[in-house]
Amino acid sequence: MPSSVTQIKLLVPLVITLPTITMSPESTSVQQGSNIDVTITATNFSGTQTMYYRTSGAFTTSNTAVSVSQGDTDFTISVPSNASTGTLNVVLDVSTFGTAEDTVATTNFSVTQAPASATAPNAPSLTDNDAD
């Protein structure tokens, strides 16, 4: 009598949780000549990855490295005193190629004009007021 073999296949759904990366500036605006901190928040992320941020709009930078790991990572953008006023776009890429396929997060904020600095005139000295 031939033996009979029954095969049972169990299908187990495969669940993959993809990493999520977001960026948020500490403020919605910054003055020319000031610094602003930007926080990268990575969830479901293992290890450390070097990523690159670049800016466009009010001023341009290219491919500045930042190490990203699980949780929050902060970096600082120094806004030049001669930066244009308006929107500054910040893009975080996983490579230096800077293509849309490489982009993992974006944010933006406003660059505003720094207040004009005023200097007080020198106070008169006693010699300036001599009545000769």
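This is a predicted model: local features need pLDDT of at least 70, side-chain atom pairs count only at pLDDT 80 or more; totals for chains, interfaces and linings use all residues.
I started at R54, which is partly exposed, with a relative accessible area of 23%. My scale: buried is under 20% relative accessible area, exposed is over 50%, and partly exposed lies in between (1.4 Å probe, protein chains only). Residues are numbered from 1 along each chain as its sequence is written, and side-chain values use heavy atoms, with hydrogens and water left out.

**Entry: the salt bridge**

Which residue does R54 form a salt bridge with? I found D93, with the closest N and O atoms 2.6 Å apart. D93 lies in strand β7 and R54 in strand β4, so the pair ties together parts that are 39 residues apart in sequence. I counted a salt bridge when a side-chain nitrogen of Lys or Arg is within 4 Å of a carboxyl oxygen of Asp or Glu, and that rule gave me 1. Strands here are DSSP runs (E, at least two residues), numbered from the N terminus. Buried or exposed, I wondered about D93? D93 counts as buried, at 0% relative accessibility.

**Entry: around β4**

Next I checked what β4 pairs with; two strands pair if DSSP finds at least two bridges between them. β4 and β7 (residues 86-93) run antiparallel and share 6 bridges. β4 is also antiparallel to β5 (residues 61-69), with 7 bridges joining the two, and a hairpin of 3 residues connects them. T55 has a bridge partner in each neighbour: V90 in β7 and T61 in β5. M51 stands opposite V66 in β5.

Then I looked at the whole sheet. I got an open sheet of 5 strands with mixed pairing, in the order β2-β8-β7-β4-β5. β2 (29-31) and β5 are the edge strands, each pairing on one side only. On average, neighbouring strands of this sheet are turned by 35° against each other, direction ignored. The axes behind that are lines fitted to C-alpha atoms, and angles run from 0 to 180 degrees between N-to-C directions.

**Entry: the ring pair**

How many aromatic pairs does a search of the whole structure find? I got 1. Y53 and F75 have ring centres 4.3 Å apart and planes at 25°, so the pair is stacked. Y53 is in β4 (residues 48-57) and F75 in β6 (residues 71-78), 22 residues apart, so I noted it as a link between distant parts of the chain. My cut-offs: rings of Phe, Tyr and Trp (its six-membered ring) pair if their centres lie within 6.5 Å, and planes under 30 degrees apart are stacked, over 60 edge-to-face, the rest tilted. Y53 is buried at 9% relative accessibility, and F75 is buried too, at 8%.

N44, at about 55°, is in the loop between β3 (35-43) and β4. N63, at about 45°, lies in strand β5 and is partly exposed at 31%.

Last stop: I8, L10 and V12 make a nonpolar surface patch of about 410 Å². I8 is found before β1 (20-25) and is exposed, at 71%. Patch residues have over 30% relative accessible area and no salt bridge; like charges are joined within 9 Å, nonpolar side chains (Val, Leu, Ile, Met, Phe, Trp, Tyr) within 5 Å. Accessible areas come from the Shrake-Rupley method with a 1.4 Å probe; for residues, only the protein chains shown count as cover.

Notes
Helices (H or I, at least four residues) and strands (E, at least two) are DSSP runs, numbered from the N terminus.
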